[in-house]
Amino acid sequence: MSSSSLNLPWWKKTTVYQIYPRSFKDSSGDGIGDIPGIISKLDYLQDLGIETIWFSPFFSSPQADFGYDVSDYRSIAPEYGSMTDCEKLIRDIHNRDMYVVFDLVLNHTSDQHPWFLESQSSRDSPKRDWYIWRDGRKPHGKKPPNNWKSMVGGSGWHYDEATEQWYWAQFLPFQPDLNYRNLDVKREMFDTIRFWLDKGVDGFRLDIINTIFEDEQFRDNPFAWNFFPSVEENKSFFQNKIHTINHPDNFLFVKELRSLLDEYSNPERFMVGEIHASIDTLKRYCGEVRSKTTTDGLHLAFMFQSLDVKLDVPSLLELVNLYDQNFQEPYTPTWVFSNHDQMRRINKLGSDITKAKLNATLQLTARGVPFIYYGEEIGMLNHKLPLKTAKDPIGRKYSWLPKIVISLLTRTGSISLNRDDCRTPMQWDQSPNAGFCSEDVESWLPVSPDHQSRNVTSEEDDPDSLLNCYRSLLRLRKNTPAIHSGSLVISSLSHNFESVLSYQRLHDNQTVEVWLNISEKHCRIDEMEQDAKLLFSTIHNATPLRESVLVLEPYQGVVLEYSQ
Ligand code: NOJ
């Protein structure tokens, strides 16, 4: 059944904005963003038209991976605020009729978590089995137990001198993996989830959820020719990671999580999984069909195929079809172009605001849930920072690479080895620290110089700004059932025009049509239906529709509505 007449749950219709708390707004004067700072900007987000906010982790942590190394899942890191601040944040968001999503790092903890310290203290520790410990290879045990490589390259096994065993870490060495085959671990983490659900959290983003389980027999991963990780395949660093990524037990695990979340209603809660995988695998994580609008696995999974998609008709046509056809109701696609691990999308569009508007039009009008990364709405660019002084642990891991290798790796322009580049402070205004922190304070990462032209204050006043384009699109989406709930049909014209992508969104009696001119040239479409009404244009005050002719400027996007 198409979604055209279904009454969808809120989380399928919503728009999500990702906040990287360290970089959003500093209120305490230490150059680090914090929860009271975020609270002071909730009006901005509400006014922008955002419906759901996802926070990268602000739980207690040594911050070796800036929060993705948790040392207490039920308390707040002091640099971000207190539990009282956190509760106020949840309340204030709900008071604005918005939803709250927290980031759950289930796969691993920090090596400073008391559980790991206890686990590491002796082979007989009651928490020894909370992590994955193994003897090394014979005869002396000084070689890792098997050939498993971590996600970030190099062996994922790390030797502990004191207890003469190795522990497994899928990500960085200071992020030891929890052992979910131990039922106490599972119980504790499920209780943690309940703890936050009881506080009113509406959903979770699940960090690398496809790495929860590994092969129980610890068999070697087979060889593969692939070196660089890719979205489609589970192969990297010359290894086919069949025993460490997408283990069959993960698919059952997400169903258990789903049952837990289903215990809560009013509102319904949801999870979105961070999984770099093919569309088929993503769909498997979403589970089997349970009803017309639900499955029994993850509610949503990030679809990262869009990260590097080219801005041209064949590529986008293929992508829209891929997402829509494979994720028909009750599955829901997601639209994500940037996040705290990736080069910002606008850099891949030649820093071009006009193209960014077109990209946003696609993101907010295609079928699926859009995820907007903070600053994306004002066209914030990646700020190229030196690898040598990287704060990002991945950047630091690779900072020894010779310049020539770095330039070879980054030559396509879409890879950035230093994740600091996409995490610079939010640009609120033109002042020296962009309004992120006071001027006499040093911000934790340098403010990008592009804040002079790309910032909230200047863009608010400009009706033709990217910010105002996002604002209009978000409002349009919220108020238009065909866009937030309708089915999608690619217009046959898209196949005839080399430079135009067009699709319809249909819901009950409403028909909305999106036209995207993805080219440097003007485009004229004759014989449009007479009764079309212009709902939105990427160009402010444009009149692209005259009688039955539609004329689009280069890279212009429009949304039309047909009356029945
Ligand atoms: C994925 C997160 O997005 C990334 O920022 C983090 O470093 C790793 N998982 C490890 O938790």
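User: Hello! Where does the ligand sit in this structure?

Analyst: Welcome! This is a predicted model, and the ligand has been placed among its residues, with D65, H108 and R423 included in its surroundings. As for the site itself, the ligand sits in the largest pocket.

User: Which residues surround the ligand, and how do they divide into nonpolar, polar and charged?

Analyst: The surrounding residues are D65, Y68, H108, F171, Q175, R205, D207, E274, H340, D341, R419 and R423.

User: How far is an oxygen atom of the ligand from an N or O atom in the side chain of D341, and how much of the ligand's area does the protein cover?

Analyst: Let's start with two other members of the shell. D65 has a side-chain N or O atom 2.5 Å from an oxygen atom of the ligand, and a polar side-chain atom of R205 is 2.9 Å from a ligand oxygen. For D341, the distance between a side-chain N or O atom and an oxygen of the ligand is 2.4 Å.

User: Is E263 buried or exposed?

Analyst: E263 belongs to the loop that runs between α7 (248-262) and β12 (270-273). Its relative accessible area is 51%, and the cut-off for exposed is over 50%, so E263 counts as exposed.

User: How far apart in space are E263 and R194?

Analyst: Along the sequence, E263 and R194 are 69 residues apart. In space, from C-alpha to C-alpha, their separation is 9.7 Å.

User: What is the omega of the peptide bond from N266 to P267, and where does P267 lie?

Analyst: The peptide bond from N266 to P267 is cis, and its omega is near 0°. As for P267, its place is the loop between α7 and β12.

User: And what is the omega of the peptide bond from K138 to P139?

Analyst: P139 is part of the loop between β6 (133-134) and β7 (157-160). The bond that leads from K138 to P139 is cis, with omega near 5°.

User: What is the phi of F66, and is F66 buried or exposed?

Analyst: F66 is located in the loop between β3 (59-60) and β4 (72-76). Its phi is near 45°, which is a positive value in a residue other than glycine. With a relative accessible area of 8%, under the 20% cut-off, F66 is therefore buried.

User: Is E547 buried or exposed?

Analyst: E547 sits in the loop between β21 (545-546) and β22 (549-552), and phi of E547 is positive, near 50°. Because its relative accessibility of 68% is over the 50% cut-off, E547 counts as exposed.

User: Which residue has its backbone nitrogen 3.1 Å from a polar atom of the side chain of S465?

Analyst: S465 lies in the loop between α14 (456-460) and α15 (466-479). At 4% relative accessible area, S465 is buried. The backbone nitrogen that lies 3.1 Å from a polar atom of its side chain belongs to N468.

User: Finally, how exposed is R290, and how far in space is R290 from P330?

Analyst: R290 is found in the loop between α8 (279-286) and β13 (300-301). Its relative accessible area is 46%, which falls between the 20% and 50% cut-offs, so R290 is partly exposed. R290 and P330 are 40 residues apart in sequence, and their C-alpha to C-alpha distance is 8.4 Å.

Methods. Residues numbered from 1 in each chain as written. Predicted model: local features only at pLDDT ≥ 70, side-chain atom pairs only at ≥ 80, totals over all residues. Heavy atoms only, no water. Near = heavy atom within 4 Å. Polar contact = N/O pair within 3.5 Å; in protein donor to acceptor, adjacent residues only side chain to side chain. 1 Å grid on protein atoms, 1.4 Å probe; cavity = no way out; pocket = protein on both sides within 12 Å on 5 of 7 lines; lining within 4 Å. Sits in = over half its atoms within 2 Å of the grid points. Helix = DSSP H or I, 4+ residues; strand = E, 2+ residues; numbered from the N terminus. Buried < 20%, exposed > 50% of the residue type's maximum accessible area, 1.4 Å probe, protein only.
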